[in-house]
Each structure stands twice: as C-alpha cells, then as structure tokens.
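Please read the following alongside the sequence and the coordinates.

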Amino acid sequence: MARETLQQRQARAKAILRRLRKAYPDAKCELDWGTPLELAVATILSAQCTDKRVNLTTPALFRKYRSARDWAAAPQETLEREFHSTGFFRNKAKNVRALMARLDAEFGGELPGDFDTLVSLPGIGRKTANLLVATVFGKPGLVVDTHFIRLSNRLGFVKNETDAAKIERTMQKIIPEADWTDWSHAMVFHGRRCCFARRPECAACPVRTWCPASGTGGVPPK
Ligand code: SF4
C-alpha cells in the first residue's frame, strides 16, 4: 500500500467507521453489568477469558457482593474458587480485593470517573480504565484489546505493532476523540464477527475496500 499522509489515514478511518457503524449498529460492551463496581469486576475477570464465560460467572457474584467493602472482605481463597472458571483466578482475586479495599478506604466505595485516577488503582490498566471511562462515564476512550491490536495492524494503521500503549497513541491521532468509544466497540465487534484471528472473512468484510490486508488471509502486505 502506498504511504499515506495523516490526513489520508484519518479519511480512511472515517470511512471504515462509517461502514462498521452500519454493519454493527448495536456495538457496545458485551459484558453484563448493573453498577460501575460490577463492570470493574467483570472487566478484571475478562482478562484472557471470553465475555460469554464472564457473563455466566458474574450473576451469582453480583448477588452476593454488593459493595466495595463486601468484595474487600471476601477471603482470597473464596474469590479464587468463585473466579476459577475465568482462569488466572489467583491474580484476579488478588486484584479485585486490592481494588475494592482502596475504593472503600479512599473513594467512599465508589469508582472514580477520571482516567488518571482509575489507572493508578490496583488491577486497572489502560485498557480497563478506558473501558470504564467510556462505558460507565460516557467519556471518550480507546480500548486497545486483542481485537483492536489485530485489526489496527491488518487495517494498516500500525505495522507489526503489539504494544497497546503505542497503538493507543497512534490511533488517538487518527480517530477524532468523539469517535474513540465507537471505534473501540467497532473493532471488537468486527474482530469477533468477521475479522477473525485465524481466518478472517475478507470476502464478506464490509471494510475490505479500505483494508490493505484484504484477500491476504489477514496478513498485511510487507
Ligand atoms: S478485509 Fe479481511 S483482514 Fe481486512 S478488516 Fe476485513 S476481514 Fe479483516
């Protein structure tokens, strides 16, 4: 693909988002949650796990643990057992307990609404903080998960890049801030429904016209 100017990249991204909004009008966070604390827990549990599995696990947990103090008071072994089916249960239990203890001690048991505070909390990385500000607080957030990383490479916005923070910085320049959240949801929906990791369905892809990896099996040309 010929080298693009930033303006050309922005125009191509705009066309891709327009098309993906049409293809996935209901694109949103697919984790089930009712309160900000619940989404924080669900997001921590979703690391290396499917949203479907998390959504099967959380209803019983959300009935049992209502407040940050409830979560923080849960014994480590109990949470490990309850998180077991989502994988990496020891770390997840440790992170949820530490997060909830901080929220209870310093934030009145509530989730703070700004990115910098969120990202300073235990168990909350940039991806989770962006998801929380975007989904709970309605602020723009680029949620760079595995689908976002794969699609950013295939769509030619980055080259052989796997560092989420670098991809986030690159895409912040290409996507207007007002579209960050929609772009993030569109990447996940498209990655789950068409641009699969192993066999992307390029022939049926609504954005193939704007994708340098179209017809290459998802491997961007050198
Ligand atoms: S054309 Fe293929 S590689 Fe490109 S976004 Fe669509 S499915 Fe993915």
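Gly138 sits in the loop between helix 8 and helix 9. The model is a predicted one. Gly138 counts as exposed because it has 10 C-beta neighbours inside 10 Å, and the cut-off for that class is 12 or fewer. Its C-alpha atom is 19 Å from that of Phe189, a residue 51 places away along the chain.

Leaving aside neighbours within four places in sequence, Gly113 is in contact with Val133 and Phe137. Gly113 belongs to the loop between helix 6 and helix 7, the latter covering residues 115-119. With 14 C-beta neighbours inside 10 Å, Gly113 is classed as partly exposed. The C-alpha atoms of Gly113 and Asn153 are 31 Å apart, for a separation of 40 residues along the chain.

Helix 9 (residues 146-154) packs with helix 11 (residues 180-193) at an angle of about 85°, and the two axes are 8 Å apart. Helix 9 is therefore roughly perpendicular to helix 11, a term that applies to angles of 65 to 115 degrees. Helix 9 contributes His147, Phe148, Arg150 and Leu151 to the contact, while helix 11 contributes Ser184, Met187, Val188, His190, Gly191 and Arg192. By class, the residues of this contact are 4 nonpolar, 4 polar and 2 charged.

The loop between helix 9 and helix 10 comes next. Phe157 is placed in this loop, and helix 10 covers residues 164-174. Is Phe157 buried or exposed? Phe157 counts as buried, because 21 C-beta neighbours lie inside 10 Å and the cut-off is 20 or more. Apart from neighbours within four places in sequence, the contacts of Phe157 are Arg9, Ser152, Thr170, Met171 and Ile174. The C-alpha atom of Phe157 is 8.8 Å from that of Ala13, although the two residues are 144 places apart along the chain.

Two other residues of the loop are exposed. Asn160 also lies between helix 9 and helix 10, and it is exposed, with 7 other C-beta atoms within 10 Å. Most residues other than glycine have a negative phi. Asn160, which is not a glycine, has a positive phi of about 50°. Asp163 is found in the loop between helix 9 and helix 10 as well; with 12 other C-beta atoms within 10 Å, it is exposed. The C-alpha atoms of Asp163 and Ile149 are separated by 8.1 Å, and the residues are 14 places apart along the chain.

A positive phi is also found at Phe88, which is not a glycine and has a value of about 45°. Phe88 is located in the loop between helix 5 and helix 6. It is classed as partly exposed, with 15 C-beta neighbours inside 10 Å.

Helix 5 runs over residues 76-83, and its buried residues are Leu79, Glu82 and Phe83. Seen down the helix axis, these residues fall within an arc of 90°, so they line one face of helix 5. An α-helix has 3.6 residues a turn, so residues three or four places apart point the same way. On the other side of helix 5, Glu77 and Arg81 are exposed. The buried residues of helix 5 pack against helix 2 (36-45), helix 3 (51-64) and helix 6 (89-106).

The last stop is the ligand. How many residues surround the ligand? There are 14, and the closest are Cys195, Pro200, Cys202, Cys205 and Cys211. By class, the shell around the ligand consists of 9 nonpolar, 2 polar and 3 charged residues.

Conventions:
Residues are numbered from 1 along each chain as its sequence is written. This is a predicted model: local features need pLDDT of at least 70, side-chain atom pairs count only at pLDDT 80 or more; totals for chains, interfaces and linings use all residues. A residue is near a molecule or strand if its C-beta atom, placed from the backbone, lies within 6 Å of it. Ala, Val, Leu, Ile, Met, Phe, Trp, Tyr, Cys and Pro count as nonpolar, Asp, Glu, Lys and Arg as charged, and the others, Gly among them, as polar. Axes are lines fitted to C-alpha atoms, for helices over the stretch in contact, and angles run from 0 to 180 degrees between N-to-C directions. Helices (H or I, at least four residues) and strands (E, at least two) are DSSP runs, numbered from the N terminus. Angles under 35 degrees count as roughly parallel, over 145 as roughly antiparallel, 65 to 115 as roughly perpendicular and the rest as oblique. Two residues are in contact if their C-beta atoms, placed from the backbone, lie within 7 Å. The arc is that of the directions from the helix axis to the C-beta atoms.
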